[in-house]
Amino acid sequence: MADKSYLDWPFFEQRHAALERELDAWAAANVRDDHGEGHDTAAVDAQCRKLVRALGDAGWLRHAIGGTAYGGALDVIDTRAICLVRETLARHNGLADFAFAMQGLGSGAISLFGSAANKQAYLPRVAKGEAIAAFALSEPQAGSDVAAMQCAAVQDGEHYVLDGEKTWISNGGIADFYVVFARTGEAPGARGISAFIVDRDTPGFEIAERINVIAPHPLARLKFSGCRIPASQRLGEAGQGFKVAMATLDVFRTSVAGASLGFARRALDEALAHAQSRKMFGQTLADFQLTQAKLAQMATGVDASALLTYRAAWQRDQGRKVTREAAMAKMTATETAQQVIDAAVQMFGGMGVVSEHPVERLYREIRALRIYEGATEVQQLIIARELLREGKE
């Protein structure tokens, strides 16, 4: 088991350490350590729904939303808590981490910008695992470049009429509602976008395509054709959609680093156990200096990632701006986790690429985290932009 002395770092309060211990014990008893569904879409969907409900029943999803009046653990989302939850779940099972994360990301804009009626209608059900949430920002030609968005919503009295497509949408096909971003035209580029809550049974909305990726998760392309949405389902003011999206991502981008930490810690645990038990040439794999050097690099990278991750989480929980810090954490933790997991696969040799072996699953799980919620290259641009901005002040 990995060393958990990091929970004594000054970034955390006692309640955070207690949260990690309780969740770790619960996950060990309730989350199975495999992905037996393979690429069977129906089986993956069913398992994801089951995990959402289990996380809700056990009270863990309360940490994914803000507002005690709406079922949240606190009045505002505790960034350190969601990072710890994701790290802990990711150590046990990638799909469990996904289920928790998407409940938070999918409803985050409602927690931050929803009206009291919006919050009451959706957040309690999210917290209980009774409703599955999704965040629909990316399009076929507008991923990192949000300003290139083509999906449009035209106001028609007390409604908006939505037309266009979204793709790479996590929970696509199983979500009960989607927070959808569309161009409303108040200004050019990113300043003319608004955010809306779209229920899955809204006429004019359909799942156009299910998407299979290397780590099986519910993913889909969405299509909107004359989809009428009440104006009361808009989140924030008209034209504030980019602000809504970025504020939501600022909360949950740091938690991607938390999940990466969980994957990296599990890989390091697996590598350590294997190195100490694998016999070769009259000694153990751990006796070789090359192995020791690699383990040292892995452990140092994990700690460096953890320091950046929980600095960003702590800073946001103090009410400070974290755009640069969150980007640094996300970039470093995801890239480092890829390196740590790759080293673990190499250490296992042929066993490391056997389907459903723990490190093989980790290898597939980590790859997408270097892309979603802002690819590594986008994080580099964000960090540089913030540095240059500070230099001019």
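1. Ground rules. Because the model is predicted, local features need pLDDT of at least 70 and side-chain atom pairs count only at pLDDT 80 or more, while totals for chains, interfaces and linings use all residues. Residues are numbered from 1 along each chain as its sequence is written, and side-chain values use heavy atoms, with hydrogens and water left out.

2. Cavities. Rolling a probe the size of a water molecule over the atoms shows where empty space is left. On a 1 Å grid over the protein atoms alone, a cavity is a set of points where a 1.4 Å probe fits but cannot get out, and lining residues have an atom within 4 Å of a point. Grid points are joined across faces, edges and corners, and a volume is the space filled by probe spheres set on the points. The model has four cavities of 30 Å³ or more.

3. The largest cavity. This cavity holds about 100 Å³ of space. Its lining has 13 residues, with Ala90, His92, Gly94, Arg361 and Leu362 nearest the centre. Two or more lining residues come from each of helix H3 (79–92), helix H6 (241–277) and helix H9 (358–369). Helices here are DSSP runs (H or I, at least four residues), as are strands (E, at least two), numbered from the N terminus. H9 gives the most, with four residues. By class the lining has four nonpolar, four polar and five charged residues. Ala, Val, Leu, Ile, Met, Phe, Trp, Tyr, Cys and Pro count as nonpolar, Asp, Glu, Lys and Arg as charged, and the others, Gly among them, as polar.

4. The second largest cavity. Its volume is about 70 Å³. Among the residues that line this cavity are His39, Thr41, Val44, Arg210 and His217. The lining divides into five nonpolar, four polar and one charged residues.

5. His217. This residue of the second cavity's lining sits in the loop between strand S6 (205–210) and strand S7 (219–230). Leaving aside neighbours within four places in sequence, His217 is in contact (heavy atoms within 4.5 Å) with Val44, Gly94, Leu95, Phe98, Ile211 and Glu365. His217 and Asp45 are 172 residues apart in sequence, yet their C-alpha atoms are 7.7 Å apart in space.

6. The second largest pocket. A pocket is an open set of points with protein on both sides within 12 Å along at least five of seven lines. This one holds about 320 Å³ of space. It is lined by 15 residues, and Leu290, Lys294, Ala343, Gln346 and Met347 are the closest to its centre. Helix H7 (289–317) and H8 each supply at least two lining residues. The lining has seven nonpolar, six polar and two charged residues.

7. Helix H8. H8 (residues 323–348) packs against helix H10 (residues 376–392) at an angle of about 150°, with the axes 9 Å apart. Axes are lines fitted to C-alpha atoms, for helices over the stretch in contact, and angles run from 0 to 180 degrees between N-to-C directions. The contact includes Ala327 and Met331 of H8 and Ile383 and Leu387 of H10.

8. Gln338. Also in H8, Gln338 counts as buried because its relative accessibility is 9%. Apart from neighbours within four places in sequence, Gln338 is in contact with Tyr363, Ile366, Arg367 and Arg370.

Notes:
Buried means under 20% relative accessible area, exposed over 50%, partly exposed in between (1.4 Å probe, protein chains only).
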